[in-house]
Amino acid sequence: MAREVWADGAAYEAYVGRWSRLVAADFLAGLDQPPGLRWLDVGCGTGALTSTVLARTEPARVDGVDPSEGFVAHARTRVDDPRVAFHVGDARSLPLPDATVDVVVSGLALNFVPDPARAWRSSPASSLRAAWPPPTSGTTPRAW
């Protein structure tokens, strides 16, 4: 079962995704970002955090990146908004040009990235506004 959970979007949703949506709302509330920004969700999975960004922050655009083709395919079927684009990619080598995002977030993924510092350096953010919930608390944002 464990292997399928990390490859199949529907299986992941039943296992972890439902909790990700609860964490995402509290996480974004603590960031207090203005509307109209360009967001990047690194390790977007099935789109839980991405959909919450769309619903709560009035973004200009949201790009979601995840290495799992199954998760990205699932996200594309669940998140229907012209402001969002999902990409299969690696956090250490993001498939976006420099200075194309304002805010970088990662809900539950950075602890799976082998070299998080490299992922940070590859960020296409136009500023250093990035945050993720620490794995130990689950909901309190921490900014870099």
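This is a predicted model: local features need pLDDT of at least 70, side-chain atom pairs count only at pLDDT 80 or more; totals for chains, interfaces and linings use all residues.
**Surface and overview.** I began with the accessible surface of the protein, which comes to about 7400 Å², with 54% of that belonging to carbon and sulfur atoms. The areas come from the Shrake-Rupley method with a 1.4 Å probe, and for residues only the protein chains shown count as cover. Residues are numbered from 1 along each chain as its sequence is written, and side-chain values use heavy atoms, with hydrogens and water left out.

I then looked up the secondary structure and found five helices and six strands. Here helices (H or I, at least four residues) and strands (E, at least two) are DSSP runs, numbered from the N terminus. Along the sequence the pattern reads α-α-β-α-β-α-β-β-α-β-β. Buried residues (under 20% relative accessible area; exposed is over 50%, partly exposed in between; 1.4 Å probe, protein chains only) make up 49% of the 144 residues.

**Confidence.** Next came pLDDT, the predictor's confidence in each residue, from 0 to 100. The protein averages 78, and 67% of the residues score at least 70.

**Cores.** Which residues touch the most other members of the largest nonpolar core? I found Leu 28, Trp 39, Leu 49, Phe 86 and Val 105, out of 18 residues in that core. The elements giving two or more residues to this core are helix H2 (9–31), helix H3 (48–56), helix H4 (69–78), strand S3 (84–88) and strand S4 (103–105). H2 gives the largest share, four residues. A second, separate core has eight residues, including Leu 40, Val 42, Val 65 and Leu 96. For the record, a nonpolar core is a set of buried Ala, Val, Leu, Ile, Met, Phe, Trp, Tyr and Cys residues joined through side-chain atoms within 4.5 Å.

I also listed the contacts of Phe 86, leaving aside neighbours within four places in sequence: Cys 44, Gly 47, Thr 50, Gly 64, Val 72, Ala 75, Arg 76 and Val 79.

In H4 I noted Phe 71, Val 72, His 74 and Ala 75 as buried. They lie on the same side of H4, because they cover an arc of only 160° around the axis; the arc is that of the directions from the helix axis to the C-beta atoms. The face turned away from this buried side carries the exposed residues Glu 69 and Thr 77. In H3, the buried residues are Ala 48, Leu 49, Thr 50, Thr 52, Val 53 and Leu 54. Glu 58, which follows H3, has a positive phi, near 50°.

**Strand S1.** Strand S1 (residues 38–42) has four of its five residues buried. S1 runs parallel to strand S2 (residues 61–66), and five bridges join them. Leu 40 has Asp 63 as its bridge partner in S2. Val 42, also in S1, counts as buried at 6% relative accessibility. Its C-alpha atom is 7.9 Å from that of Gly 107, 65 residues away along the chain.

Conventions:
Contact means heavy atoms within 4.5 Å. Two strands pair if DSSP finds at least two bridges between them.
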